[in-house]
Amino acid sequence: MKIDEIKRVLSEFTLFRSLNDTELSKVTDIAIAREWKKNSHVFHQGDPLENVYFIFDGKLKIYKSDVNGKEQIVAIMKKGEMFPHVGFFRKGDYPAYAEVLEPSTLIAVPISKFENVLIENPELCIKVFKVLGEKIVDLQNRLEEQILNNTYEQIVKLLIRLAQKHGKEQEDGTILLKSEFTNKDLANMIGTTRETISRTLTKMKKDELIEVDEEGDMILDIEILMEEIHLI
């Protein structure tokens, strides 16, 4: 990917939209584009924290692993997103694994060099804080869900969140959520078991709270799901 192409791609990210051409060039000058194969790891939990990545194309899974090898999915990330957010303000190691789920093109920005750019561009620094703040709010909400809600409510809220982020709106207002997440993936996102997810989804289909088409894709009505857990 050429320098001009990298600049064009970065200019589309929320973080950099307010920068003028000169400011954006300073970021572009230190950026590196690279393609990643499916099932490869961009970094492992515990690796030295060196880069922040911007997804030009593809899909990745960010997950943690405990001493027993149990996986906890933190996020599924697609084009237009950046990770890890802690990279801008945290020294040390990567706090999770980043696995490529489909062939991806990422733009890496070295943290040490980016810190100098932030110092020279206070407006960009403020923008970074805003993006990080939004991420913190999202994580706080998810933590509250685990503390305050039972497993059924967590599953319903997870479906709502996935539909809003990854779903495609249909003409009738429902959301089509492709079958890219296995029951194990869903379980790992909220710290439950695959069997619990399977039983709950089967019950929700029986109760006509969700539909599943011939390809295994879910058809969701967010309002119905929100009413189910008394959010509206």
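How many bridges pair strand β3 with strand β4, and in which sense do they run? Strand β3 (residues 51-65) and strand β4 (residues 71-78) pair in the antiparallel sense, over seven bridges. Keep in mind that this is a predicted model, where local features need pLDDT of at least 70 and side-chain atom pairs count only at pLDDT 80 or more, while totals for chains, interfaces and linings use all residues. Residues are numbered from 1 along each chain as its sequence is written, and side-chain values use heavy atoms, with hydrogens and water left out.

**Strands and sheets**

- Helices (H or I, at least four residues) and strands (E, at least two) are DSSP runs, numbered from the N terminus.
- Two strands count as paired if DSSP finds at least two bridges between them.
- β3 and β4 make a hairpin with five residues between them, and Ser 65 stands opposite Glu 71 in β4.
- In the turn of that hairpin sits Gly 69, with a positive phi of about 85 degrees.
- Elsewhere, four strands build an open sheet in the order β7-β8-β10-β9, with antiparallel pairing.
- The edge strands here are β7 and β9 (210-212), as each pairs on one side only.
- Inside this sheet, three bridges join β8 to the antiparallel strand β10 (residues 218-220), and Leu 176 stands opposite Ile 219 in β10.

**Salt bridges**

- Side chains of opposite charge can pair when their charged atoms come close.
- A salt bridge here is a side-chain nitrogen of Lys or Arg within 4 Å of a carboxyl oxygen of Asp or Glu, and by this rule the count comes to 12 salt bridges.
- Glu 71 turns up again here: its side chain meets that of Lys 61 in a salt bridge (3.1 Å, N to O).
- That pair links distant parts of the chain, with Glu 71 in strand β4 and Lys 61 in strand β3, 10 residues apart.
- Is Lys 61 buried or exposed? Lys 61 counts as buried, at 10% relative accessibility (buried means under 20% relative accessible area, exposed over 50%, partly exposed in between, with a 1.4 Å probe and protein chains only).
- Glu 180 forms a salt bridge with Lys 78, and their closest N and O atoms are 3.4 Å apart.
- Glu 180 lies in the loop between β8 and α6 (183-190) and Lys 78 in strand β4, so this pair ties together parts that are 102 residues apart in sequence.
- Both are partly exposed: Glu 180 has a relative accessible area of 26%, and Lys 78 comes in at 25%.
- Salt bridges that share partners join Glu 5, Arg 8 and Glu 12 into one network.

- Most residues other than glycine have a negative phi, and most peptide bonds are trans.
- Asn 39, in the loop between β1 (32-36) and β2 (41-43), has a positive phi near 75 degrees.
- Glu 208, in the loop between α7 (194-206) and β9, also has a positive phi, near 60 degrees.
- The peptide bond from Phe 83 to Pro 84 is cis, with omega near -15 degrees, and Pro 84 is found in the loop between β5 (82-83) and β6 (97-110).

**Exposed glutamates**

- Glu 208 is exposed, with a relative accessible area of 67%.
- Glu 171, in the loop between β7 (168-169) and β8 (175-177), is exposed as well, with a relative accessible area of 89%.
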